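Thanks for asking me to look this over. Here are a few notes to read alongside the model, in numbered points.

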Amino acid sequence: MASLEIFILVMVMFMTNGTYGKSPGLKSRITSKGLNYAVNVALDALSKDLTRKQIPDQHGKSGHVSYDVTKMRITKFTKPTSVISMIPNSGISWKTSGIGIGLHGDFHYKYKQGIIKISDHGSFDLNAGGISLQIRLIIGMDSSGRPTISSSSCSCSVQSTSVKFHGGRAWIYNLFRGKVAKTLKNSIEGGNGLLCKQLTKLVNVDGANKLAKLPVEVKLAKKFLLDYSFLSKPSFQTNFMETFHKGEVDWLQGPKNTPIIAPQLPTGTDTSRMLYIWLSDYLFNTMSYSAFSHDMLKYNVTDKNIPGDVLNTTCKLTCIGNLIPQIGKMFPNSKVMLNLRSTAMPNMTVSNGTTKVEAVGDIKLYAMTPNNKDVYFLTLSANMSTTISIAVKNEKVYAKVLKLPIKIKVKESKIGTLSDAMLNFIVQKIVTVFVEPKLNELGKNGFPLPIIASVQFVNTQLKLQKDSLLIATDLKYSG
């Protein structure tokens, strides 16, 4: 049933618990406001779904009577009032009241005993009103970190039922319609009634099967794997539930546990929005570790990346060969290639309202001579401290470089003593022209959040907290 799928998926995408042995890389909180919105979305979908859906034909036999009930369709559905609430340290309670439903269908029966044969056919209209339901849901997790769902109890009451027959011997059947209506009422209501049985099946079978197939890993940039599986069961408070996810980025071809330890995430009591997501800097740093461990943080910068004559060793105006005469004298009519390589994993920290990335590496310079030889002549050690801005849009986290200062020192020189100041000037120019745009290009791709495609963020606020980014938002379902 589409409405149950919507409710489960909107609700469960954000769940897990506070009693865990490992700090999470991603934490979320869904509030009562968010859950009640999910329920209303589900009920709106149910209202549209039911009134255009046919019910499967029913065929059967009881004693000497065989029957067929066909062409059943729901002709009326009254949307109920609904409240969902947390049961601290337990689960979720979903209460609905004021459900009204109308059903039309055709019937045909045959009675045969010996030589006695009786048959008839006609149609009927069934109405039930004042239906109230309450179901308790238990959200947990399986051994693979996927969410699980089950019903712990269900109750149902029906205020009134009525049935009217048409065609055939309807005038006879209608004499007994009060008794028929009472029988139907008794079969519908109660914990073992038709409605609770169907709802329990939808949760325990259909819902559970869907969650068992829910992905808890996302591919990133064709090289990485984001693992946002649950670390433990959900934690339920009076006004919200909180969830704690692994939030770790591993290498796609061979995921391994990172040696990086996730910091404790901040706590808070705000419940004014539907959803809160804390992204730890652990998430970025595990991706950085995976990239560094697999030798991805390297790049050769040539004149194809830098416009003009900057990397030429011979020129009339401004080029590296004029700015550093030793290079021009030793390697005339050549071009310089810079081999950039990290010597340690870049590290991201969030503190005092600022996001910074610290990186260190080596820059090796080669002369690309006219006879197609690459001649090594210099190694520089580089330290970079980058300040970045963070934004949330279209359910992704985007980044942009604000400052990219770099400090370098000569680590090894084959061409004699060089000026650190001049080398800093040249390298900073290259960073501004090439490295910074390259980083911003990556930042524009965005980092996907674990949200189903049909859910959008509205009224979103981003806060920088210690060791984490906090996204506080309301939700809009557009399915």
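Which residues form a nonpolar patch on the surface?

1. The patch is made of Ile115, Ile116 and Ile118, and together these residues have about 330 Å² of accessible area. Please keep in mind that this is a predicted model.

2. Let us stay with Ile115 for a moment. Ile115 sits in the loop between β6 (91–113) and β7 (116–141). Is Ile115 buried or exposed? Its relative accessibility is 84%, and exposed means over 50%, so Ile115 counts as exposed.

3. A word on confidence, since the model is predicted. The protein chain has an average pLDDT of 86, and 95% of the residues score at least 70. Over residues 1–20, however, pLDDT stays under 50. The model does have 85 contacts beyond four places in sequence for residues 1–20, but please read them with that pLDDT under 50 in view.

4. Thr355 lies in strand β19 (residues 354–368), while Thr386 is found in strand β20 (residues 374–393).

5. Thr355 has a relative accessible area of 0%, so Thr355 is buried. Thr386 has a relative accessibility of 5%, and therefore counts as buried too.

6. Their surroundings are worth a look in your viewer.

7. Which value does phi of Lys71 take? Phi of Lys71 is near 55°, a positive value in a residue other than glycine. Lys71 is found in strand β4 (residues 65–78), and with a relative accessible area of 54% Lys71 is exposed.

8. The other angle belongs to Asn333, where phi is near 55°, again a positive value in a residue other than glycine. Asn333 is found in the loop between α8 (325–330) and β17 (335–342). Asn333 has a relative accessible area of 58%, so this residue is exposed.

Note on methods: Residues numbered from 1 in each chain as written. Predicted model: local features only at pLDDT ≥ 70, side-chain atom pairs only at ≥ 80, totals over all residues. Heavy atoms only, no water. Patch = residues over 30% accessible without salt bridge, like charges linked within 9 Å, V, L, I, M, F, W, Y side chains within 5 Å. Areas by Shrake-Rupley, 256 points an atom, 1.4 Å probe, with all protein chains shown as cover. Salt bridge = Lys/Arg side-chain N within 4 Å of Asp/Glu carboxyl O. Helix = DSSP H or I, 4+ residues; strand = E, 2+ residues; numbered from the N terminus. Buried < 20%, exposed > 50% of the residue type's maximum accessible area, 1.4 Å probe, protein only. pLDDT = per-residue confidence, 0-100. Contact = heavy atoms within 4.5 Å.
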